[in-house]
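Here is a short report on one protein model. Look over the sequence and the structure first, then read on.

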Amino acid sequence: FVQWRPGQLPGLTQKPSMDPLARLPKYPSAALRDEAAGTTTIESCITAEGKLVDIQIANSSGNLSLDEATLEWAKTAKYTPAMFNGEAFAICGYKLDWIWQYAPEE
């Protein structure tokens, strides 16, 4: 694993990104009832195969159910890995903000 530092990795030919076909987190029913919203920031490593590992909360949304839903989703999330000189490689220290916005159904 290489420590992720945006803009500081010479030879980086592709940043990691969420697979466009990946399943997205589901809004927890408890958070919907509470009309909870916020941003959960996770920090993790991304393997050369595009799997998130060593996942932890870097910044809480302020709502436990939103944070837990983000962590559970991250365990199954699929990413396109970072590329270094055209080859996939693993990185650590990658941060992702997941924004939870409460929107009542019409």
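Which residues does Tyr79 touch, not counting residues up to four places away in sequence? They are Pro16, Ser17, Met18, Asp19, Ile46, Glu49, Gly50, Leu52, Trp73, Tyr94 and Leu96. Contact here means heavy atoms within 4.5 Å.

## Basis of the model

This is a predicted model: local features need pLDDT of at least 70, side-chain atom pairs count only at pLDDT 80 or more, and totals for chains, interfaces and linings use all residues. Numbering runs from 1 along each chain as its sequence is written, and side-chain values use heavy atoms, with hydrogens and water left out.

Helices (H or I, at least four residues) and strands (E, at least two) are DSSP runs, numbered from the N terminus. Buried means under 20% relative accessible area, exposed means over 50%, and partly exposed is in between (1.4 Å probe, protein chains only).

## The nonpolar cores

Tyr79 belongs to the largest nonpolar core. That core has 12 residues: Ile42, Ile46, Leu52, Trp73, Ala74, Ala77, Tyr79, Ala82, Phe89, Ile91, Tyr94 and Leu96. Three elements, β4 (38-46), α2 (64-76) and β9 (91-100), each supply at least two residues of this core. The largest share, 3 residues, comes from β9. Apart from this core lies another, of 7 residues, among them Tyr27, Ala31, Ala36 and Trp98.

A nonpolar core is a set of buried Ala, Val, Leu, Ile, Met, Phe, Trp, Tyr and Cys residues joined through side-chain atoms within 4.5 Å. In soluble globular proteins, nonpolar side chains tend to be buried together.

## Strands β4 and β9

Strand β9 is largely enclosed by the rest of the structure, because 7 of its 10 residues are buried. It pairs with β4 in the antiparallel sense, over 8 bridges. Two strands pair if DSSP finds at least two bridges between them. Ile42 has Leu96 of β9 as its bridge partner. Both Ile42 and Leu96 are members of the largest core.

Ser44 is found in strand β4. Its relative accessible area is 3%, so Ser44 is buried. Leaving aside neighbours within four places in sequence, Ser44 is in contact with Leu52, Val53, Asp54, Ile55, Ile91, Cys92, Gly93 and Tyr94.

## Helix α2

How far apart are the end C-alpha atoms of α2? They are 19 Å apart, which agrees with the 18 Å that its 13 residues should span at 1.5 Å a residue. The expected span is 1.5 Å times one less than the number of residues. The buried residues of α2 are Ser65, Leu66, Asp67, Ala69, Thr70, Trp73 and Ala74. Their cover includes β3, α1, β4, β5 (52-59), β6 (79-80) and β9.

The count of salt bridges comes to 1. A salt bridge is a side-chain nitrogen of Lys or Arg within 4 Å of a carboxyl oxygen of Asp or Glu. Here the side chains of Glu72 and Lys75 meet at 3.0 Å, N to O. Both residues lie in α2, 3 residues apart, about one turn of the helix. Glu72 is partly exposed at 46% relative accessible area, and Lys75 is partly exposed at 48%.

## Aromatic pairs

The structure holds 5 aromatic pairs. One of them joins Tyr27 and Trp100, edge-to-face, at 5.1 Å centre to centre with 85 degrees between the planes. Tyr27 lies in the loop between β3 (17-18) and α1 (29-33) and Trp100 in strand β9, so the pair ties together parts that are 73 residues apart in sequence. Tyr27 is buried at 18% relative accessible area. Trp100 is buried at 3%.

Trp98 and Trp100 also form an edge-to-face pair, at 6.4 Å and 70 degrees. Trp98 is buried, as is Trp100. Ring pairs link Tyr27, Trp73, Trp98 and Trp100 into a cluster. Rings of Phe, Tyr and Trp (its six-membered ring) pair if their centres lie within 6.5 Å; planes under 30 degrees apart count as stacked, over 60 as edge-to-face and the rest as tilted.

## Positive phi

Asp54 is not a glycine, but has a positive phi of about 50 degrees. Asp54 is found in strand β5 and counts as exposed at 57% relative accessibility.

Asn85, also not a glycine, has a positive phi of about 50 degrees. Asn85 lies in the loop between β7 (82-84) and β8 (87-89). With a relative accessible area of 56%, Asn85 is exposed.
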